[in-house]
Amino acid sequence: MSVAAIGSYEHSTHDAVKNFAHPLLYVAWDEHMIFSAPCCVTISLSTSLEDVVQKILPELYGQHPQFKNINWARVQWFKSATMFTPNMTASLAEHGFTHKSVLRFRTPGLEGIRGSCG
Amino acid sequence: MDKRVEKNKHTLHDLYAAMTHDLHWETTYQPMDKVFPHDRYEGIKVHDWEKWQDPFRLTSDAYWKFQGEKEKRLYAVVDAFAQNNGQLGVSDGRYVNLLKLFIQAITPNEYYAHRSFAQVGRSLRGDALRIATQMKSADELRHFQNQTHAISNFNKYFNGMHHAPQWFDHAWYLSVSKSFAEDAFSAGPFERLIGLSFGFDDLLTRPLFASLMSAVAHNGDLSAVSVGFTAQSDTSRHMTMGQEAVKFLLQQDAANLTIIQRWIDKWFWRSYRLMTFAAMMQDYMVPKRMMSWKEGWDMFVQKPGEALFAELAQLGLRKPKGWEQACDGKHHISHQAWNAYYGFGHTLAFHTWVPEIAELDWLSQKYPDSFDRWYRPRLEHYAQLHAAGQRLNNQSVPMQCQTCQFPLIFTEQGSGRWTAYRETQHAGETFHFCSDHCEEIFSNEPEKYSQANLASHQILQGQCYNAGVQENTAGFDRQAAVLDFCQIVQGHDNGDFKNSEDALNFENWGAGQDPQEAQL
């Protein structure tokens, strides 16, 4: 379907990649909802997964008491709903991430404050 | 002797006909389609406008008389409340934050509704409905003014109200409300009529006027509750108009059914998402509690909604597509919203707090299926942080739904475990949603919703700073720059209620209800 209008309908979107300094990436730690929603960051897609773990995630999630207990070797990684095998030295682009992709990670055994997903 | 002039005795029926349908004429200098260019492009077909009957048979002369009386009664209470320092008699200083969110998120929507319906009135060639919608437009303007006047008394004494219109336009968390208003405002006249009068007014405003307004009265705010009551009689008329409009259009042409059903699906879901603010107010921002959001939902939405759609089934309508998910959401949305706004409490123009233990117990009792399992532990964690002199402050900007613009805080149906994600592609770009229904609304009109101005993205694009502010300078603080741009005063308008200027003032003024007296 398309929009019903009285004439031709010209429009532009606001979130094309050219409007950002770097592509947009959404990041979420599943089952840890004291942060309530996935986070938006702008990031070069040449950033390695290792650098995401070392430099981005502590800033976003370091306040959670379980963050320091994460065993990164056991973390499950997802691009949107699809699990992928991480190569920590490979870039986000090499893992298939593009502008407005979702990066989710799951930490089995750590399921939020008293197991509440908080 | 002069001959006595016989008074014309019109029946209500005659008067209504004379003051509505009889005012119609077919234009001759210009074709009707040029005079009314907006009432056909949506695909709705009307064959006989004479069939529209306003159930109230309200004519303009009666309308102004009734409304004038209501205004007099209302302002007697509002003025008395201000003169007697009524703001000191509310239950608890936290209560005022409900009014802040109301004037930030709800009141501007009244103004948009006024504008929306003025344009519906101008757009429809059916005279009687045109007059009914113009009255609705005047009602909405009245509600906007009444709320502004009543809350302005509180604005003299409390933070968090001083730039409400600017916040509506710029503050990230209010884009939920602004996008709702603008979605309606940019729709065609029939969609606006059905979407707002039926989807919003008829299906979802009862919790606002019944359960929330009772709670406002219970907390000692006689000014705001009087505003609620004076608006309620107008809204009853709007609800009836919404139902009549649905029935009228369905009876006019069989082809209208699929269009009307799609609008009901859409506006039920848009309105339901918007009412998350009311859910949060009711469960968290009303210090003296009466009824939970869930109880209000059961009584004022679910039960009457089931009955209404059973009746409308004979016209071919079914319940809105999101009905089951919305009914499931009654266990969750108030808690998910308060959790989100608490975590982003340093970016808002109202205060947040951790409920006291007795309040947590009340929520446990009211939400046996969800609160202890999912939501109480995180609130108790925040309380522990407080005890240690800390507070959770989310450092990021949240991912928002492209349609309703809420952050993705809602979980999949039946559980508080998994955040709901949906995504789709349009014209080579990826778009994200909080639910099936927001995704479907987008997919029905991707050209419209792909233009959404998402606040988080605007912030990251550097669009939300005052002129001259540069990101790449030493000591640049993005959050402070965005708050400056929005005219939210850091540390005064936001943060935790405890130790806030509002809390200290309220205590110093000796305000609040005597707990023993309040129990009587």
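Here is a quick tour of a predicted model, starting with a sheet and moving on to aromatic rings.

Let's begin with an open sheet of six strands, ordered β4(A)-β3(A)-β5(A)-β1(A)-β2(A)-β1(B), where the pairing is mixed. At its edges sit β4 (82-84) of chain A and β1 (397-398) of chain B, each pairing on one side only.

Look for Q76(A), whose bridge partner in β5(A) is R106(A). Helix α1 (residues 49-61) of chain A lies across β1, β2, β3, β4 and β5 of that chain, running at about 70 degrees to β1(A).

## A buried serine

Over in chain B, S123(B) belongs to helix α4 (residues 96-123). With a relative accessible area of 6%, S123(B) is buried. Its contacts beyond four places away in sequence are F36(B), H38(B), D39(B) and P189(B).

## Rings and charges

There are 47 aromatic pairs over all chains. In one of them, the ring centres of Y157(B) and W509(B) are 5.9 Å apart with planes at 80 degrees, so the pair is edge-to-face. Both residues lie in loops of chain B, so this pair ties together parts that are 352 residues apart in sequence. Y157(B) is partly exposed at 28%, and W509(B) is partly exposed at 34%.

F433(B) and F442(B) make a tilted pair, with centres 5.0 Å apart and planes at 55 degrees. F433(B) is buried at 0%, and F442(B) is buried at 1%.

Charges show up over rings, too: K100(A) lies over the face of F431(B), at 4.3 Å from the ring centre, while R373(B) lies over the face of W374(B), at 4.0 Å.

Definitions and conventions. Residues are numbered from 1 along each chain as its sequence is written. Chains are lettered from A and ligands numbered from 1 in the order in which they are written. This is a predicted model: local features need pLDDT of at least 70, side-chain atom pairs count only at pLDDT 80 or more; totals for chains, interfaces and linings use all residues. Side-chain values use heavy atoms; hydrogens and water are left out. Two strands pair if DSSP finds at least two bridges between them. Helices (H or I, at least four residues) and strands (E, at least two) are DSSP runs, numbered from the N terminus. Contact means heavy atoms within 4.5 Å. Axes are lines fitted to C-alpha atoms, for helices over the stretch in contact, and angles run from 0 to 180 degrees between N-to-C directions. Buried means under 20% relative accessible area, exposed over 50%, partly exposed in between (1.4 Å probe, protein chains only). Rings of Phe, Tyr and Trp (its six-membered ring) pair if their centres lie within 6.5 Å; planes under 30 degrees apart count as stacked, over 60 as edge-to-face and the rest as tilted. A charge sits over a ring if NZ of Lys or CZ of Arg is within 6 Å of the ring centre and within 35 degrees of the ring normal.
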